[in-house]
Amino acid sequence: MISYLKGTVADITKGSNRVILTLEVNQIGYEIQILPRVTGQLPPTGEIAQIFTHQQVKEDQIVLYGFGSAAERDLFRQLTSVSGVGAQLAIALLDTLGLHDLVQAIVGGNT
């Protein structure tokens, strides 16, 4: 498992519902799907960044998800372990509410 990657920001591509960060680490470019709000925390292209990661392996694809902190990554893992909550829903929840507010909503039972 890849816990985190530290390397040079090579590119950020914003799609219709996904943001892909290309992070160059030791001359290898990793495509990492990140939370849209994490783009505001990243340094400019060519600068060094550290991204905490979660690798998801499916039958037809391997996806590397990236987070600004280990706590966000860990909450993502807990959310995706819940039946009916996939990676895209977990990312949307984290991006919309943020770590603190999402934890408070879960603890308080606020649907």
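Two strands pair if DSSP finds at least two bridges between them. The model shown in these views is predicted.

**View 1. The hairpin of β4 and β5.** Strands β4 and β5 form a hairpin, with four residues between them. Their pairing is antiparallel and runs over six bridges. Within this pairing, histidine 54 stands opposite tyrosine 65 of β5.

**View 2. Strand β5 and its parallel partner.** Strand β3, residues 28-34, pairs with β5 in the parallel sense. Two bridges link β3 and β5. Isoleucine 34 has glycine 66 of β5 as its bridge partner. Strand β5 covers residues 62-67, and five of its six residues are buried, so β5 is largely enclosed by the rest of the structure.

View 3. Glutamine 56 lies in strand β4, which spans residues 48-57. Its relative accessible area is 18%. Glutamine 56 therefore counts as buried, as the cut-off is under 20%. Its side chain makes a polar contact of 3.3 Å with the side chain of tyrosine 65. Neighbours within four places in sequence aside, glutamine 56 is in contact with Gln61, Ile62, Val63, Tyr65 and Ala87.

**View 4. Asparagine 17 in a loop.** Asparagine 17 sits in the loop between β1 (4-14) and β2 (19-25). This residue has a relative accessible area of 57%, so asparagine 17 is exposed. The cut-off for exposed is over 50%. Asparagine 17 and tyrosine 65 are 48 residues apart along the chain. Their C-alpha atoms are separated by 14 Å.

How values were computed:
Residues numbered from 1 in each chain as written. Predicted model: local features only at pLDDT ≥ 70, side-chain atom pairs only at ≥ 80, totals over all residues. Heavy atoms only, no water. Buried < 20%, exposed > 50% of the residue type's maximum accessible area, 1.4 Å probe, protein only. Polar contact = N/O pair within 3.5 Å; in protein donor to acceptor, adjacent residues only side chain to side chain. Contact = heavy atoms within 4.5 Å.
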